Amino acid sequence: MNGVIEALHIYDEHNSPILSHTYTSRPLSPSYLLPFYLSHPAPRPNLIYLSQTNPPTLVFSLAHANLLFLITTSSEVEPLLVLEFLHRIVDSFEEFLGAPLLAHKIESNYDVVAQLLTEMCDAGTVNTTEPNALRDMVEVEGWVDKLLGGLNLSAGKNFAGGLGGGMGSSAASSSSLISQNTPALPWRRANVRHTSNELYADVVETLSVTLAPSGRPLAAFANGTIAFTTKVSGVPDIVVTLSGPSGKHNLKGIVDLPVFHPCVRLAKWREQPGVLSFVPPDGRFTLAGYEVDLLPFDEDGKPPMGNVKLPVSLEIKTGLGLTGSDFEVRVQLNKVFGSSGSVQGGGLGARTGLQGRGSGGGSGPGGGFGIPNAGTPASPSLHDLVITVPLPADVRNVPEIRPSKGDATYNPGERVLEWTISNKELAQGMSAFVLRCTVVGQQVTEEGEEGDPTGFGFGGGGGGYNYDEPYQDIAVTSTTKEKGVDKAWEAERDEKRQAQNKILMPSSALVSFAVKGWLPSGIKVESIIIDPRKSRGMVEHMKPYKGVKYLTVSKGGVEIRC
């Protein structure tokens, strides 16, 4: 596969093209390409083959921040390479233009965007994609250039004399300086200098758990990402040591499918699993990623027993009430985390300092007077608790929604009930929350026809109001029926209603939350060390501040089945 990328097209939230960059050949125009892409039903795959175009075209897509990125090619190409290139484009745009990435930022900074796209892909072949290397290649207009541009002055000539050193000569020789100072490491800029030297590690794990109606976990996975931030002068050589719940020796058996930044020395990881040795890029980058099976099979191949610890437990009861039209969702906060033995609600997360000082306090995660800060491993904090309950298509309305805490709303368009418990309410110390709802479907008469949706007896079907009968006869007939009601008939009617309401009950519920200071896998950063023997250009006896944050996120990832 030696194909090339032919063009990149970017569309805004209204599917209007805002940028089209052609690398080679004569690709499809953005206005001609978009209808073919939209003709595929959602959710659309990231790779679509258009056989009806001439020539047949492969379309790679990525949706990010209400923007649509499409790459086209008419030749065979490695799919993962192009998809990764799309992600690198988004990362580079956010690095140079700022996050969040908006359409007007791309349009107003086309000079920077064009340079980025040209440097990242040369004639359709992927080239430089590291942000640190792109910093030395892409010229970004600074505040001096903007000031002089507004005054219609030349930064190279008119302003050179005033600075004494001749800015024009320095600008003229910038390209030669860049070529001379190009680092041997493509991911790190040359001559990096920082006034404050800091090293930060943020470990984020995303939960994906499926629970049985009894609450027993059927499958549980944690997908982790280690984001690293370096603000250190010179060329530091860093060693990060990871450990599992029972130490470093079993980390290899816990971590599955590890992926690393190109700066990581793979030989060191293979020799000592859990040890990451690398020369980092300057700034923030993704150091590593991994997956952890929270319900692994034991050494004998026996299935897991289901002992996953979650910050919340969920229980659903359906078919409640006289006619079975009510259901109840109960949320329980589990007190199983941290040295204090509980998950706290609210508060701000703190970074655990690995030395000297920091918001984590001292050399550990604690705060002042022996009280640990919320959001640290000693005192994890629960935030952004949202329970989503999808409802069947037969549900017409949810007239009664009664949460014990928080706000619950029903969206009839998407047929989703969303229950949000604020961080302030989580911080009040309550451990259980209950939501009870009543659902209503299309009313059906005994003959099976649809009844009156208002319930006032004016609809079609059996038992309708008869205006031709005398008023006295109606009163007598009504009184007679009320006196002669058969209890067996009432019981049979309630059973029919319960059977009808059974199909209106929810079959699952999803939980979204964030926990600061806790990871379900138990992985933690044991140490962050700068090797002074291998580092170059660093200030002697310099001791940077080091900090670690842990965060667990579930965006509808915990699901319980009824």
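**View 1. The three-stranded open sheet β12-β10-β24 in the predicted model**. The 3 strands of this sheet are arranged in the order β12-β10-β24, and their pairing is antiparallel. At the edges are β12, residues 275-278, and β24, residues 524-530, each of which pairs on one side only. From one strand to the next, the twist averages 15 degrees.

**View 2. The pairing of β10 with β12**. Strand β10 covers residues 238-243 and is joined to β12 by 4 bridges. The two strands run antiparallel. Within this pairing, Thr 241 has Val 275 of β12 as its bridge partner.

**View 3. The four-stranded open sheet β14-β15-β22-β19**. Here 4 strands are arranged in the order β14-β15-β22-β19, with antiparallel pairing. The edge positions are taken by β14 (312-320) and β19 (395-403). Each of these has a single partner strand, so one side of β14 and one side of β19 are left without a neighbour in the sheet. Neighbouring strands of this sheet are turned by 20 degrees against each other on average, with direction ignored. In general, the strands of a sheet pair through backbone hydrogen bonds, in either a parallel or an antiparallel manner.

**View 4. The pairing of β14 with β15**. Leu 320 stands opposite Asp 326, a residue in β15.

Notes. Residues numbered from 1 in each chain as written. Predicted model: local features only at pLDDT ≥ 70, side-chain atom pairs only at ≥ 80, totals over all residues. Heavy atoms only, no water. Pairing = 2+ DSSP bridges. Axes fitted to C-alpha atoms, helices over the stretch in contact; angles between N-to-C directions.
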